[in-house]
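Look over the structure shown here before reading on.

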Amino acid sequence: MEALVATAIGTLTAVGLYLILQRRTFPVILGLTFLSYAVNVSLFVSGRLVTNAAPIIGTGETFADPLPQALVLTAIVISFGMTAVLMILAISGHLQAGHDRVNLGDDARKDDA
Amino acid sequence: MLWGVLLAVALATTVLHRDRVVALILTSLAGLIIAPFFAFHSAPDLALTQISVEVVTVLLILLALHFLPATTPDALPAPRRLWSAAVAGIAGAGVGWLAWAMMTRHHAFPPISEFHLAQSKPGAGGTNAVNTIIVDFRGFDTYGEIIVLGIAALVIFATIEAVLRSPAAMQRLAIRSPRREDADRHPMMFAVATRVLLPMAMLVGVFLFLRGHNMPGGGFVAGLVFAIALLMQYMASGYEWSQKRQRYDHHLVVGWGILIASLAGVGSWVFGLPFLTSGFVYVTPWPLDTFELATAAIFDLGVFLTVLGAVLLALASLSRLALRTGDAPQSRAFDIDPTEDR
């Protein structure tokens, strides 16, 4: 199970980074979403993988580590806030600049020419 | 099984990401697969939050896609893509290895969670250890977080305001390539169904809120469920129609949320206790069973209102942009009037 979760985290990270490297605003947003999935899951598994042990007192003998769960819960909501802000920045960038490239280096000028 | 689907979905996104709607759907699928993963590994709170956040995120991104090109135009040249894939692959392998190494080793120090589990009931009065950490033990953290969320919502509002005032942006918006619009933009079935569902969804929200301290649920999830119920009204019946029935300003909802959370924190000063100390009593009013009254519930109400207000403010900001694009404003609830004789 650990190996499966680890490969899933690795894949999510790789996909997220690949999308970010596309250097267009929308793939960057999706890429960051994938990255935050990866980060949330890896934070969560720092409490180790246990089944049938929800950290609710009185429902069992052993409990999963509640601390990473609480941290990830807030992280999920914060990453929603981040995605929403980025989305709006992407729209505003697209409307104000007329394109949705994210790099303003030499490449962008070359592309525009 | 789920693992295979997740991998397939994630990899398909890299191949198909140029069609943005498809990419968005694939991304949300990945998020929806993570929710049962949380549920399976003893984190019902996380599963609930993940599902509801996923719904809100996808709805907002779908709305936002209205203002962005539907496809990513020219792909990067092949060597560049290969290079990106190589970098991403190496980083992914590294992170995956790190996660595997972390999971298969023992804790270097004993985790402090034993304290939270032991103190959840006697110290905070709730049996859901995750929720008591959020609203009691680590309340300050959560307090900071809802402020961040509130600020994010205000940033969204301010950015849209700036776009609306920029002549160049408005011009671009006006000449945006026309999209095919459905004739029936607010299908009657959808509108009726969402209106019937609204009170039920709100009931579910209240239920999740009230049980939060003892069972999976809490202010975050309840706020998101409420937000989804209201978002559905906006989707089904149009922004104008819903806005007319909106009695409270979204900014005010965010502000009140943070204010209530602050008051719940400051309130403990009256008793000479540090900021955000929570207290609780058990009461047994005659016909009912014993239940718990906690100051943490006031704090959680603040969390609830902030989450709700922030989501709706983001939506309202996007809709203001949509109203300026010359899309015909929709003031009636249905496109078709069922009472009209035809």
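This is a predicted model: local features need pLDDT of at least 70, side-chain atom pairs count only at pLDDT 80 or more; totals for chains, interfaces and linings use all residues.

Leaving aside neighbours within four places in sequence, B:A314 is in contact with A:A84 from chain A and with B:L60, B:A153 and B:I156 from chain B.

Now take chain B as a whole. Its secondary structure comes to 13 helices and two strands. Chain B has 342 residues, of which 41% count as buried. Among contacts in chain B between residues at least 6 apart in sequence, 73% join residues at least 24 apart.

B:R211 is found in helix α9 of chain B, which covers residues 188-211. Is B:R211 buried or partly exposed? B:R211 is partly exposed, because 16 other C-beta atoms lie within 10 Å, and a buried residue would need 20 or more. B:R211 and B:N128 are 83 residues apart along the chain, yet their C-alpha atoms are separated by 9.2 Å.

The last step is the meeting of the two chains. Here 88 residues of chain B are in contact with 72 residues of chain A. On the side of chain B that touches chain A, the largest share comes from helix α4 (residues 78-104), with 15 residues. The residues of that side divide into 56 nonpolar, 25 polar and seven charged.

Conventions
Residues are numbered from 1 along each chain as its sequence is written. Chains are lettered from A and ligands numbered from 1 in the order in which they are written. Helices (H or I, at least four residues) and strands (E, at least two) are DSSP runs, numbered from the N terminus. A residue is buried if 20 or more other C-beta atoms lie within 10 Å of its own, exposed if 12 or fewer, and partly exposed in between; C-beta atoms are placed from the backbone. Two residues are in contact if their C-beta atoms, placed from the backbone, lie within 7 Å. Ala, Val, Leu, Ile, Met, Phe, Trp, Tyr, Cys and Pro count as nonpolar, Asp, Glu, Lys and Arg as charged, and the others, Gly among them, as polar.
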